[in-house]
Amino acid sequence: MAGAEEIFLRAKHRTFTGLSEDIEHEWMGPFYFIQAADPQLGLMKAWREGDCKGGGDEWTEEVELTKQAVEAMNQLRPRPRFMVLCGDLVHAMPGAPFREDQERDLKTALKGTDPSIPLVFVSGNHDLGNTPTPRTVEQYCREWGDDYFSFWVGGVLFLVLNSQLFYDASACPQLKEAQETWLDEQLNKVSSPTAPKHIVVFQHIPLYIKKPDEEDDYFNLQKEVRQNLMDRFKRAGVKAVFSGHYHRNAGGCHGGLDMVVSSAIGCQLGEDAHGVRVVVVTADRVVHRYHSLERMRTGGMDEDLQKLLQS
């Protein structure tokens, strides 16, 4: 199976190679990007049949929806600076049947992305396993790029995190420790001479779904872990955390930190439509709105968001 480097720009050595870092350190005015989550090839049929623990033996629907997302994004003018997929790229767990076929077909669907739009990949629990191991992390990195890394766009620092290392690193404690050390180094950049205009985080599992003090759940990070991360993010001035995993739109804003939970390109577990989120970054705000694929295909991004790019 071909590695991701043969199809996409990718993250290596904890830095995304799809953008010129020297130029991108400077604030050049408002821009936008597309955030999406959970194409999760194979889940839709598995969910309908009540067999989510299986790898999913059919994923034609998810492939078509991914192609629709790509086509809708390609029509946008101006084009987004990048598109980030916040985890659960496929449904089959590492080592499960259909895994390689699902990865291959997702890459094929994404190849239609306009070459001017870099693709950024975030690891999810189905990409790494609920309890990741050094082997499953290495397999993911070989196919999709580093599991955590940073990149700059227009004076904004973006951090891609492996949230599974926060959720359960019992089988790979050294990897968890390495990410923690790296994250502290990145958050310290806020006080450097080249401090970013904003810091934005991408991860698969949300800090919380609706409230920071909610009970632990499959869909959020444990209270102690989430509070630790929230404290560190707030001290560093992180503007927003974007995630998926919940397959519904949710989130909240507390203490100036926006927790954005976006629904899926693929299987919906609530009442939302298949879609993606348009995120506009201005000098003082990060403004976002979920768009259904149909709405974006026929009408583009909402007019008020478009106007923010012209301010």
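Reader: Is Gln 310 buried or exposed?
Author: Buried means under 20% relative accessible area, exposed over 50%, and partly exposed in between (1.4 Å probe, protein chains only). Gln 310 comes out at 60% relative accessibility, so it counts as exposed.

Reader: What kind of model are we looking at?
Author: Residues are numbered from 1 along each chain as its sequence is written, and side-chain values use heavy atoms, with hydrogens and water left out. Local features need pLDDT of at least 70, side-chain atom pairs count only at pLDDT 80 or more, and totals for chains, interfaces and linings use all residues: this is a predicted model.

Reader: Back to Gln 310: how far is its C-alpha atom from that of Val 84?
Author: Gln 310 is in the segment after α11; helices (H or I, at least four residues) and strands (E, at least two) are DSSP runs, numbered from the N terminus. Along the chain, Gln 310 and Val 84 are 226 residues apart, and their C-alpha atoms are separated by 23 Å.

Reader: What span should α3 have, going by its 15 residues?
Author: The expected span is 1.5 Å times one less than the number of residues. The end C-alpha atoms of α3 are 21 Å apart, which agrees with what its 15 residues should span, 21 Å.

Reader: Why does α3 count as roughly parallel to α4, and what is the crossing angle?
Author: Axes are lines fitted to C-alpha atoms, for helices over the stretch in contact, and angles run from 0 to 180 degrees between N-to-C directions. The axes of α3 (residues 60–74) and α4 (residues 99–110) come within 9 Å of each other. Angles under 35 degrees count as roughly parallel, over 145 as roughly antiparallel, 65 to 115 as roughly perpendicular and the rest as oblique. That makes α3 roughly parallel to α4, as the two cross at roughly 25°.

Reader: Which residues of α4 make the contact with α3?
Author: Contact means heavy atoms within 4.5 Å. On the α3 side, Val 63, Thr 66, Lys 67 and Val 70 take part, and they meet these residues of α4: Asp 105, Leu 106, Ala 109 and Leu 110.

Reader: How many charged residues are in that contact of α3 with α4?
Author: Ala, Val, Leu, Ile, Met, Phe, Trp, Tyr, Cys and Pro count as nonpolar, Asp, Glu, Lys and Arg as charged, and the others, Gly among them, as polar. Sorted like that, the contact of α3 with α4 has five nonpolar residues, one polar residue and, for the charged class, two.

Reader: What covers the buried residues of α3?
Author: The buried residues of α3 include Val 63, Leu 65, Ala 69 and Met 73. Their cover includes β3 (31–36), α2 (43–48), β4 (83–86), α4, β12 (275–281) and α10 (293–299).

Reader: Which peptide bond is cis, with omega near -10°?
Author: Look at the loop between α3 and β4, where Pro 78 lies. The cis bond, with omega near -10°, runs from Arg 77 to Pro 78.

Reader: What is phi of Gln 40 near?
Author: Gln 40 lies in the loop between β3 and α2. With a relative accessible area of 2%, Gln 40 is buried. Its phi is positive, in a residue other than glycine, and near 40°.

Reader: And what relative accessible area does His 245 have?
Author: His 245 also shows a positive phi, near 75°, and lies in the loop between β9 (238–243) and β10 (250–254). His 245 is buried, at a relative accessible area of 3%.

Reader: Which residues of α9 make the contact with α8?
Author: α8 packs with α9 (residues 223–236) at about 25°, their axes 10 Å apart. That makes α8 roughly parallel to α9. Glu 180, Leu 183, Asp 184 and Leu 187 of α8 make the contact with Leu 229, Arg 232, Phe 233 and Ala 236.

Reader: How far apart are Pro 196 and Gly 154 in space?
Author: Pro 196 is in the loop between α8 (173–187) and β8 (199–202), and counts as buried at 11% relative accessibility. Pro 196 and Gly 154 are 42 residues apart in sequence, but C-alpha to C-alpha they are apart by 9.1 Å.

Reader: Last one: leaving aside neighbours within four places in sequence, which residues does Asp 302 contact?
Author: Asp 302 is in the loop between α10 and α11 (303–309). Asp 302 is buried, with a relative accessible area of 16%. Sequence neighbours within four places aside, Asp 302 is in contact with Arg 289, His 291 and Arg 295.
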